[in-house]
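Biologist: Could you take me on a close look at the sheet in this model, and at what packs around it? I would enjoy one connected walk through that part.

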Amino acid sequence: MPVRALVVDDSIFIRALIRRQLERIGCVVAAEAENASQALSLFRTLKPNLVTLDIVMAETDGVDSLTAFRAMREEAPATQIILMTAMPFDESRETFMSAGALAYVVKPFDNSAFERIKLKLAAAFPDLLDAASAAPARITARKANL
């Protein structure tokens, strides 16, 4: 079973980019949300292993994101949360990282950012990510035998 993710960002374009990157590293995106309140509702329903959370969104300020982050951490401490932001603030980074965020990614991001995330996820979920990473290799092997 792969790492199941919830992607939270107010931009549908950024959500699509994050989805593709997560799928590339072996995760499955279970749902997407465009604001913190929607994210909390989906989080409580789906209980994903991973949440990518934009800190500053159109209908959500940093305080709302921090509140959502803390609620998720309290309700499911094993869920890993990756913060995504286009506006890097050292104090925000320190606050979230000390509260247990897995990573803090500054937009625009690239493949290397998600390769680093994959390494962190592999440490957090060794069984889940190993199974997901092995699937493409099995498919390739099957095609080669045809």
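**The sheet and its surroundings**

Modeller: Gladly! Five strands make up an open sheet, ordered β2-β1-β3-β4-β5, with parallel pairing. Please keep in mind that this is a predicted model. The edges of the sheet are taken by β2 and β5 (103-106); each has a single partner strand, so one side of each lacks a neighbour in the sheet. From one strand to the next, the twist averages 20°.

Let us look at the pairing around β1. Strand β1 (residues 4-8) runs parallel to strand β2 (residues 28-33), and five bridges join the two. Within this pair, A5 sits opposite V29 of β2. β1 also pairs with β3, again in the parallel sense, over four bridges. There, V7 has T52 of β3 as its bridge partner.

Now for the helices. α1 packs on the sheet and touches β1, β2, β3 and β4, with its direction making about 165° with that of β2. α2 packs on the sheet as well, touching β1, β2 and β3, and its direction makes about 145° with that of β2. In terms of chain path, β1, helix α1 (residues 12-24) and β2 form a right-handed β-α-β unit.

Next, the nonpolar packing. The largest nonpolar core contains 23 residues, and V8, V51, L53, F69, M72 and L83 have the most contacts inside it. At least two residues of this core come from each of β1, β2, α2 (36-46), β3 (50-54), α3 (62-75) and β4 (80-85). α3 gives the largest share, five residues.

Finally, have a look at D9, in the loop between β1 and α1. D9 has a relative accessible area of 1%, under the 20% cut-off, so this residue counts as buried. The side chain of D9 reaches the backbone nitrogen of S11 at 2.9 Å. Setting aside residues up to four places away in sequence, D9 touches I14, R15, A33, E34, D54, M57 and K107.

How values were computed:
Residues numbered from 1 in each chain as written. Predicted model: local features only at pLDDT ≥ 70, side-chain atom pairs only at ≥ 80, totals over all residues. Heavy atoms only, no water. Pairing = 2+ DSSP bridges. Right-handed = clockwise from strand over helix to strand, strands pointing away. Core = buried A, V, L, I, M, F, W, Y, C linked by side-chain atoms within 4.5 Å. Buried < 20%, exposed > 50% of the residue type's maximum accessible area, 1.4 Å probe, protein only. Axes fitted to C-alpha atoms, helices over the stretch in contact; angles between N-to-C directions. Contact = heavy atoms within 4.5 Å. Polar contact = N/O pair within 3.5 Å; in protein donor to acceptor, adjacent residues only side chain to side chain.
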